[in-house]
Amino acid sequence: MKLNVLKALGLAALITTGGSALADEVWNSNVGRIVYADEIGPTAVFAYGPAEDPGVVYILGLAKVYENRGTYDGYWAKKKAKVECTTERPGIFGEMTRYWGRYEIKFLDKSFPSRWEAQWSYCDGDVEKVKIEATPAVGEAAVPAPEKK
């Protein structure tokens with residue numbers, strides 16, 4: 001129990017400060033800063049969003065894979081979103097939520113640090129038109145990636 005509380009506090013600190021991430025992986029994206037925050041067995045956990053509206057992405061099979069990454073499936077989850085699903089999934093800090101969707105991430109570079117892009121949906125719906133595009137944030141001077149026009 002104590003370890004789960006410490007992990008939750010650490011995840012909250014990463015989300016709010018954008019501090020050091022697992023394997024130093026932090027990305028700037030067209031939806032804000034994204035941090036590789038934790039690993040749960042074979043699943044990588046990304047954190048994103050402001051402290052008042054945090055979100056997580058669970059990516060199966062990505063944990064402990066740092067070179068020659070490919071495409072991975074997972075899901076995102078938040079406490080609130082534009083669409084409410086009919087089913088629940090574990091979200092931030094493991095709390096169940098009806099605000100989630102599918103997530104497919106594709107790494108574009110073979111070595112660390114890598115750019116990536118992701119397709120996502122609300123619930124089990126169709127993929128949204130806007131892809132998430134992320135570039136590594138290297139150093140404290142990293143700035144968000146410019147929006148595509």
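**Briefing: a disulfide and a closed barrel**

The torsion about the S-S bond of Cys85 and Cys123 is about -100 degrees, so this disulfide is left-handed. The bond joins the loop between β5 (71–78) and β6 (89–90), where Cys85 lies, to the loop between β9 (116–120) and β10 (132–136), where Cys123 lies, so parts that are 38 residues apart in sequence are tied together. The structure is a predicted model, and its strands include a closed barrel of eight.

**The disulfide**
- The sulfur atoms of Cys85 and Cys123 are 2.1 Å apart, and with a limit of 2.5 Å for such a pair, the count comes to one disulfide.
- A disulfide is a covalent bond between the sulfur atoms of two cysteines.
- Cys85 and Cys123 are both buried.

**The barrel**
- The eight strands of the closed barrel follow the order β1-β2-β3-β4-β5-β8-β9-β10, and their pairing is antiparallel.
- On average, neighbouring strands of this sheet are turned by 30 degrees against each other, direction ignored.
- Three bridges link strand β1 (residues 26–29) to β10 in the antiparallel sense.
- Asn28 has Thr135 in β10 as its bridge partner.

**Val130**
- Val130 is located in the loop between β9 and β10.
- With a relative accessible area of 53%, Val130 is exposed, because the cut-off for this class is over 50%.
- Leaving aside residues up to four places away in sequence, Val130 touches Asn30 and Trp120.
- A distance of 7.6 Å separates the C-alpha atoms of Val130 and Gln119, which are eleven residues apart along the chain.

Terms used:
Residues are numbered from 1 along each chain as its sequence is written. This is a predicted model: local features need pLDDT of at least 70, side-chain atom pairs count only at pLDDT 80 or more; totals for chains, interfaces and linings use all residues. Side-chain values use heavy atoms; hydrogens and water are left out. Helices (H or I, at least four residues) and strands (E, at least two) are DSSP runs, numbered from the N terminus. Buried means under 20% relative accessible area, exposed over 50%, partly exposed in between (1.4 Å probe, protein chains only). Contact means heavy atoms within 4.5 Å. Two strands pair if DSSP finds at least two bridges between them. Axes are lines fitted to C-alpha atoms, for helices over the stretch in contact, and angles run from 0 to 180 degrees between N-to-C directions.
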